[in-house]
Amino acid sequence: MAMNKYLVFLEQREGIVKKASIELWNTLQKLVAVHEDIAVCALLAGAADLQLLQATLVGEGAVYCASDHGFSLYNPECYANLVADTFKREACSALFFADTILSRELAPKLSVRLKAALLSGSPVFDAAGVDSGSVRPVYSGSALASFHSDRSLRIYTISSFPIITPTPSRVHIDFIPLQQRCSVSGEELFPLIRMMTMRDGIQDVTEAGIIIAGGRGVGGADGFALLEQLALLLGGVVGASRPAVDEGWRPHSEQIGQTGRTVAPALYLACGISGSVQHLAGIGSAGLVVAINSDCHAPIFDVADYGIVGDAPLVLRKLIDAVQDFLKKK
Ligand SMILES: Cc1cc2nc3c(=O)[nH]c(=O)nc-3n(C[C@H](O)[C@H](O)[C@H](O)COP(=O)(O)OP(=O)(O)OC[C@H]3O[C@@H](n4cnc5c(N)ncnc54)[C@H](O)[C@@H]3O)c2cc1C
């Protein structure tokens with residue numbers, strides 16, 4: 001029986017594997033649960049907290065860990081060599097990346113090197129669990145386009161996941177160390193110019209479990225103080241719509257949507273956000289969506305699980321009081 005083997009790239013930052021990469025592995029494992037001729041393995045570049053990783057991965061397969069110090073920071077040449085070598089050695093047919101800034105640079109490089117088709121969006125699997133292309137929104141989300149390729153090898157950068165129902169019951173993951181070292185002198189070829197880090201303790205929106213997002217309806221930069229207060233209480237982060245960023249109220253790193261970040265929090269609270277298709281393009285994988293908007297006809301209510309019609313600052317103050325009361329009683 002011909003085997004289809006998929007390689008997942010697990011992206012780490014400062015030793016913590018990105019949530020989107022973990023979600024990618026766990027989604028593909030659902031295919032393995034029903035198709036015995038599909039196998040999934042993963043590659044982790046750079047040392048990471050393997051105990052934490054093990055606690056979040058489901059299913060079965062090998063995770064190849066290249067923990068040489070040279071891989072701790074992204075280096076295009078080193079990473080491309082490592083991924084290409086692993087892909088060929090494991091005789092994989094498809095390579096999966098979460099759609100991140102890193103993968104948007106690395107995947108095209110690998111596509112040329114491996115002579116593989118490059119596809120983005122949400123992968124499509126046929127009845128046998130074999131990848132057969134991708135779909136993604138076009139024309140600002142007003143249509144869906146399908147992409148297919150005749151190439152035998154394919155690389156995907158995944159921004160949203162298809163719904164696959166069975167959940168793997170067995171967990172058997174082997175962490176296999178790789179001796180491979182950073183094969184070029186990365187520092188010479190690609191000098192690190194500046195390392196930008198988020199403020200202490202503030203998570204990246206793409207990694208956050210709770211996002212309190214604000215739009216034009218928040219009224220200005222000062223209006224975001226309430227969102228920050230609630231985010232802090234709930235252990236979440238602040239997100240923003242494009243106008244809030246364009247107005248300079250929030251940094252671009254917090255923008256969510258088509259030209260911002262794609263997020264997958266368990267809770268997404270949208271305050272004063274109308275719910276344009278471009279904004280919704282970034283929250284398709286969010287769990288519970290709650291919206292606060294003064295206009296009961298705002299499109300955000302079409303996608304929200306819970307809606308509150310009202311003035312955002314007023315509702316936020318009440319929410320903050322309620323959460324504070326709750327936390328005091330705990
Ligand atoms: C190519 C392209 C790419 C784009 N990419 C993005 C993107 O990545 N992300 C993104 O967000 N947008 C993007 N946009 C812009 C998008 O089309 C919308 O204009 C934008 O999402 C609207 O932002 P908003 O909801 O904050 O503002 P608005 O549409 O102005 O909505 C403000 C909302 O606040 C409500 N409101 C007003 N006052 C209050 C109050 N006191 N209390 C509660 N609610 C109140 C209003 O009822 C309204 O629903 C893109 C557009 C294009 C053309």
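A salt bridge here is a side-chain nitrogen of Lys or Arg within 4 Å of a carboxyl oxygen of Asp or Glu. Keep that cut-off handy as you click around this predicted model. Across the whole structure, a search turns up 12 salt bridges.

**Stop one: Arg250 and Glu254.** Select both side chains and you'll find a salt bridge, with the closest N and O atoms 2.7 Å apart. Are these two residues buried or exposed? Glu254 has a relative accessible area of 11%, so it counts as buried. Arg250 is buried too, with a relative accessible area of 11%.

**Stop two: Lys5 and Glu90.** Now pick Glu90 and show Lys5 along with it: they form a salt bridge whose closest N and O atoms sit 2.7 Å apart. Color by secondary structure here, because Lys5 belongs to strand E1 (residues 4–10) while Glu90 is in the loop between helix H3 (76–89) and strand E6 (94–98), so the pair ties together parts that are 85 residues apart in sequence. Glu90 counts as buried, at 14% relative accessibility.

Salt bridges with shared partners join Lys5, Arg89 and Glu90 into one network.

**Stop three: Glu77 and Lys109.** Next, select Lys109 and Glu77, another salt bridge, this time with 3.8 Å between the closest N and O atoms. Which parts of the chain does this pair link? Glu77 is in helix H3 and Lys109 in helix H4 (residues 101–114), distant parts of the chain with the two residues 32 apart.

Technical notes. Residues numbered from 1 in each chain as written. Predicted model: local features only at pLDDT ≥ 70, side-chain atom pairs only at ≥ 80, totals over all residues. Heavy atoms only, no water. Helix = DSSP H or I, 4+ residues; strand = E, 2+ residues; numbered from the N terminus. Buried < 20%, exposed > 50% of the residue type's maximum accessible area, 1.4 Å probe, protein only.
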